[in-house]
Amino acid sequence: MLANIALAVAKRLSPDTLRALVDVVFVRTRRDLQAACADPRRAQATRLRAILGAASSTEFGRAHDFAAIAAIDDDAKLVDAYRAKVKLRTWDDVEPLVTRMVAGERNLIVAEEPYFYSTTSGTTG
């Protein structure tokens with residue numbers, strides 16, 4: 001509903017007005033994107049730290065010492081520590097935690113309240 005209203009309003013604006021409005025509304029996002037493009041490794045390490053920090057109090061985060069990993073200042077060492085502590089997982093590895101989350105337990109894999117759960121076809125590689 002809201003998206004339809006926004007689209008209707010946007011269609012009535014001139015391209016220059018719309019571009020100027022987007023520039024004002026998304027200036028921080030654009031600045032962040034430009035900084036990330038200038039130094040993608042740094043941007044990825046910054047994002048990894050944020051994810052680890054947010055999940056550090058979860059069962060999975062505590063089991064893998066996310067708080068200590070997130071505290072590493074050196075970006076390369078951060079990634080190495082993450083890779084060493086958090087091995088690749090299959091569905092069978094995470095299914096017990098997901099099943100518990102679907103049943104109502106919280107703070108297992110992510111700290112946020114899930115919006116919904118969905119079955120997908122998965123990927124092959």
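## Contacts of Ile 69

Contact here means heavy atoms within 4.5 Å. The model is predicted. In this model, Ile 69 touches Leu 52, His 64, Leu 78, Ala 81, Tyr 82 and Lys 85, when residues up to four places away in sequence are not counted.

## The largest nonpolar core

Ile 69 also belongs to the largest nonpolar core, which has 14 residues. Together with Leu 52, Phe 60, Phe 66 and Leu 78, Ile 69 touches the most other members. At least two residues of this core come from each of H4, helix H6 (66–70), H7 and helix H8 (91–102). The greatest share is that of H4, with four residues. In soluble globular proteins, nonpolar side chains tend to be buried together.

## Packing of H4 against H7

Helix H4 (residues 40–55) and helix H7 (residues 75–85) have axes that come within 10 Å and cross at roughly 50°. The two helices are therefore oblique to each other, and H4 passes H7 in a left-handed crossing.

On the H4 side, the residues that meet H7 are Arg 42, Ala 45, Leu 48, Arg 49 and Leu 52; their partners in H7 are Asp 75, Leu 78, Val 79 and Tyr 82. The contact comprises six nonpolar and three charged residues, with no polar ones.

Thr 58 lies in the loop between H4 and helix H5 (59–63). With a relative accessible area of 0%, Thr 58 is buried. Beyond its neighbours within four places in sequence, Thr 58 is in contact with Asn 107, Leu 108, Ile 109, Val 110 and Ala 111. Its C-alpha atom is separated by 21 Å from that of Gln 44, 14 residues apart along the chain.

Note on methods: Residues are numbered from 1 along each chain as its sequence is written. This is a predicted model: local features need pLDDT of at least 70, side-chain atom pairs count only at pLDDT 80 or more; totals for chains, interfaces and linings use all residues. Side-chain values use heavy atoms; hydrogens and water are left out. Axes are lines fitted to C-alpha atoms, for helices over the stretch in contact, and angles run from 0 to 180 degrees between N-to-C directions. Angles under 35 degrees count as roughly parallel, over 145 as roughly antiparallel, 65 to 115 as roughly perpendicular and the rest as oblique. A crossing is left-handed if the near helix is turned anticlockwise from the far one by less than a right angle, and right-handed if clockwise. Ala, Val, Leu, Ile, Met, Phe, Trp, Tyr, Cys and Pro count as nonpolar, Asp, Glu, Lys and Arg as charged, and the others, Gly among them, as polar. A nonpolar core is a set of buried Ala, Val, Leu, Ile, Met, Phe, Trp, Tyr and Cys residues joined through side-chain atoms within 4.5 Å. Buried means under 20% relative accessible area, exposed over 50%, partly exposed in between (1.4 Å probe, protein chains only).
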